[in-house]
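Thanks, everyone. Let's take a quick look at one model, starting with an aromatic ring.

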Amino acid sequence: MVTSPLSVPLNAINAHHAIATPFVPEVVKAVDALHFEFRAVDNLVACNTTRVLKAFQNARVGTHHFGGCTGYGHDEAGGRAALDQAFAEIVGAESAIVRSQFFSGTHAITCALFSILRPGDELLAIAGAPYDTLEEVIGKRDSGGLGSLQDFGVKYREVPLAEDGGLDWNALMSAVKPKTKCALIQRSCGYSWRCSLSVNDIGRAIKIIKMQNPSCSVMVDNCYGEFVENIEPPIVGADLIAGSLIKNPGGTIAPCGGYIAGKQKWVEAAAARLSAPGLGVDCGSTPGDIMRAFFQGLFLSPQMVGEAVKGSFLIAEVLASKGYKVQPLPRVPRSDTVQAVQLGNRERLLAFCEAVQRSSPVGSYTKPVAGMTPGYASEVIFADGTFIDGSTSELSCDGPLREPFTVFCQGGTHWTQWGLVLGEVLKSL
């Protein structure tokens with residue numbers, strides 16, 4: 001029988017320096033119950049770290065790749081190409097572009113969508129409504145004539161989720177039409193109360209889509225999903241994936257940036273959307289030591305994602321024991337790093353976020369305030385006392401101020417961080 005470190009008598013750990021546990025009893029109990037899940041995550045981290053290490057070795061990553069460049073970015077020492085090569089191998093793609101010039105996941109996803117779609121084409125979202133920040137990109141919410149896909153004559157449909165919150169497989173069987181040029185799959189739950197999609201589910205959906213229209217490209221919003229499993233969507237047929245480096249693949253180290261990976265022709269087309277036709281992937285300065293941070297963050301990301309996944313298990317275990325609805329359910333395998341908790345009213349949502357902010361290493365003295373944020377359809381509150389502004393690979397939470405007042409928790413450099421935060425949260429609810 002394996003014993004949890006939190007249940008080992010203190011005198012057995014250190015007879016001379018007895019240390020009382022900093023965790024509240026609910027957290028101690030939850031950690032004891034999650035021993036099997038934590039061990040499984042450790043094994044996943046080892047598998048993914050092996051994959052990353054091999055890719056770095058195959059790309060012959062060296063210290064000369066860490067230097068920055070200025071101006072047009074032509075005079076650089078091969079860091080861009082080595083990083084792109086390593087990233088593509090890690091996710092199982094033909095090609096990749098990893099750049100500081102992507103300033104958010106939404107920006108990278110937008111470049112990916114505009115690389116595929118042309119006037120008269122149709123975009124089909126197969127996992128219900130997309131994340132709030134994509135609504136103006138698509139034209140589902142008015143963009144003020146600033147150049148949404150619908151402004152350029154791209155039509156849009158979506159397949160609603162099934163009653164259980166998963167993909168509606170029956171509806172998907174007949175959803176793809178001859179003019180459907182791109183199917184959008186959002187891997188993470190976003191701000192919806194639904195299950196995030198496993199890579200196997202994504203692969204099954206891709207087969208159904210291609211069966212109806214082989215020329216329909218599949219674009220996966222991969223945000224929050226990287227390294228949560230041991231394979232990524234290109235392995236199961238995704239034509240493109242995109243995401244942010246201040247989420248999972250930046251390993252809490254990358255200060256900015258995003259990525260697009262997949263079929264080479266679509267990656268090149270997306271690079272032309274980021275820069276301009278004819279410029280492609282061979283330009284763009286990356287000043288300072290950002291390249292080193294990208295490489296180091298990518299290498300650390302399996303470990304950081306593993307800690308975030310452990311944190312999500314802990315949140316679900318503790319808050320479900322207090323009677324709150326959680327998604328995913330306790331001890332259920334994860335497909336992303338987001339843990340949703342239904343709090344039921346505005347006051348509890350505000351209190352939860354305030355408790356997280358008070359427990360953060362940066363800006364603990366500030367009080368998060370709900371308000372309108374560019375790209376979001378309703379008031380949103382964010383708690384993110386992080387070293388990188390907006391980094392959700394570090395411990396953070398947020399939620400829209402609307403029914404059923406759900407908080408979405410992400411990140412954490414170590415599960416113990418969430419263990420400490422939960423003590424503060426439980427006092428506030």
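On cut-offs: buried is under 20%, exposed is over 50%, and partly exposed is in between, with a 1.4 Å probe and protein chains only.

Ground rules next. This is a predicted model, so local features need pLDDT of at least 70, side-chain atom pairs count only at pLDDT 80 or more, and totals for chains, interfaces and linings use all residues. Residues are numbered from 1 along each chain as its sequence is written, and side-chain values use heavy atoms, with hydrogens and water left out.

Now the aromatics. The whole structure holds 9 aromatic pairs. Rings of Phe, Tyr and Trp (its six-membered ring) pair with centres within 6.5 Å; planes under 30 degrees apart are stacked, over 60 edge-to-face, the rest tilted. Phe 38 and Trp 415 make a tilted pair, 5.4 Å centre to centre and 55 degrees between planes. Phe 38 sits in helix 3 and Trp 415 in helix 12, 377 residues apart. Helices here are DSSP runs (H or I, at least four residues), strands likewise (E, at least two), numbered from the N terminus. Phe 38 is buried at 9%. Trp 415 is buried too, at 12%.

Back to Phe 299. Its ring centre is 6.1 Å from that of Phe 56, with planes at 55 degrees, so this pair is tilted. Phe 56 is in helix 3 and Phe 299 in helix 10, so the pair ties together parts 243 residues apart in sequence. Phe 56 is buried at 11%. Ring pairs join Phe 56, Phe 66, Phe 295 and Phe 299 in a cluster.

What does helix 10 lie across? Strands 8, 9 and 12, at about 20 degrees to strand 9. Contact means heavy atoms within 4.5 Å. Angles run from 0 to 180 degrees between N-to-C directions, on axes fitted to C-alpha atoms, for helices over the stretch in contact.

Those strands belong to an open sheet of 5, order 8-9-12-11-10, paired antiparallel. Strands 8 and 10 are at the edges with a single partner each, so one side of each has no neighbour in the sheet. Pairing needs at least two DSSP bridges between strands. Strands 8 and 9 have 3, and Val 326 partners Val 341.

Last, strand 6. Strand 5 joins strand 6 in parallel through 3 bridges. Strand 7 joins strand 6 antiparallel through 5.
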